[in-house]
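Please open the model in a viewer and keep the sequence at hand. The stops below proceed from one selection to the next.

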Amino acid sequence: MSVSTSHPLAFPASAPDSLPQRLARVGLRATRQRVLILDGLLTLPGHPTAEQVHQHVTRQEPSISLGTVYKALDSFVAAGLTRRVASAEGSSRRFDADCTEHHHLFCTNTQEIIDYCDPQLDELIRDFFAAKGLPNFQPHSFSLHITGDKVTEPQAGAEER
Ligand SMILES: [Zn+2]
């Protein structure tokens with residue numbers, strides 16, 4: 001089964017997208033559950049897991065099962081609305097509502113995945129592989145996964161929060 005994205009767009013490209021429109025754009029029926037799940041994905045910070053999205057949506061719609069959330073997220077990924085993020089810990093699948101090219105900082109303390117964008121870095125990587133080449137591989141995009149710890153600057157006079 002393949003998902004076709006070649007449907008003529010029903011909405012002008014410049015219109016601000018509501019969540020149902022975003023779903024419709026990629027050919028998904030905007031059911032109430034899907035809208036809630038997409039909303040959860042966009043609201044939760046740090047690239048949530050399906051479990052975190054599930055927890056979030058059940059506050060509004062307790063009847064939604066984790067299986068429904070998994071299925072909806074998979075359909076978002078298949079439709080190109082969402083990306084899967086490889087987590088450094090490898091245990092859980094994480095989801096990214098931002099499908100533009102960017103890099104990720106993974107905090108081993110909080111398990112947060114923070115978006116990182118730097119056009120200069122992109123150029124560096126592209127130039128590197130353009131010059132060096134990859135044997136038997138044609139790269140389309142690059143995404144760095146940088147693992148580390150979030151460092152919070154100690155603020156004077158604000159020791160306890
Ligand atoms: Zn991201």
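Select helix α4, residues 66–78. The model is a predicted one, in which local features need pLDDT of at least 70 and side-chain atom pairs count only at pLDDT 80 or more, while totals for chains, interfaces and linings use all residues. Residues are numbered from 1 along each chain as its sequence is written. Helices (H or I, at least four residues) and strands (E, at least two) are DSSP runs, numbered from the N terminus.

Within α4, highlight V69, A72, L73 and F76, which are buried (20 or more other C-beta atoms within 10 Å of the residue's own, with C-beta atoms placed from the backbone; 12 or fewer is exposed, and in between is partly exposed). Viewed down the axis of α4, the buried residues fall within an arc of 100°, so they line one face of the helix; the arc is that of the directions from the helix axis to the C-beta atoms.

Which elements do the buried residues of α4 pack against? They are α2 (32–43), α3 (50–58) and β2 (94–96). Next, centre on V69: leaving aside neighbours within four places in sequence, V69 is in contact with I37, A50, V53, H54, V57 and I64 (contact: C-beta atoms, placed from the backbone, within 7 Å).

Now display the largest nonpolar core, which has 14 residues; I37, V53, V69 and L73 touch the most other members. Such a core is a set of buried Ala, Val, Leu, Ile, Met, Phe, Trp, Tyr and Cys residues joined through C-beta atoms within 7 Å. Two or more residues each come from α2, α3 and α4.

Return to the end of α4, which is followed by G80, with a positive phi near 80°.

Move to strand β3, residues 103–107: H104 and F106 form its covered face, whereas H103, L105 and C107 form the uncovered one. Strand β4 (residues 113–116) runs antiparallel to β3, joined by 4 bridges; two strands pair if DSSP finds at least two bridges between them. I114 in β4 is the bridge partner of L105. The hairpin has 5 residues between these strands, and Q111 takes a positive phi near 65°.

In β5, G148 is the bridge partner of C107.

Conventions:
The expected span of a helix is 1.5 Å times one less than its number of residues. Two residues are in contact if their C-beta atoms, placed from the backbone, lie within 7 Å.
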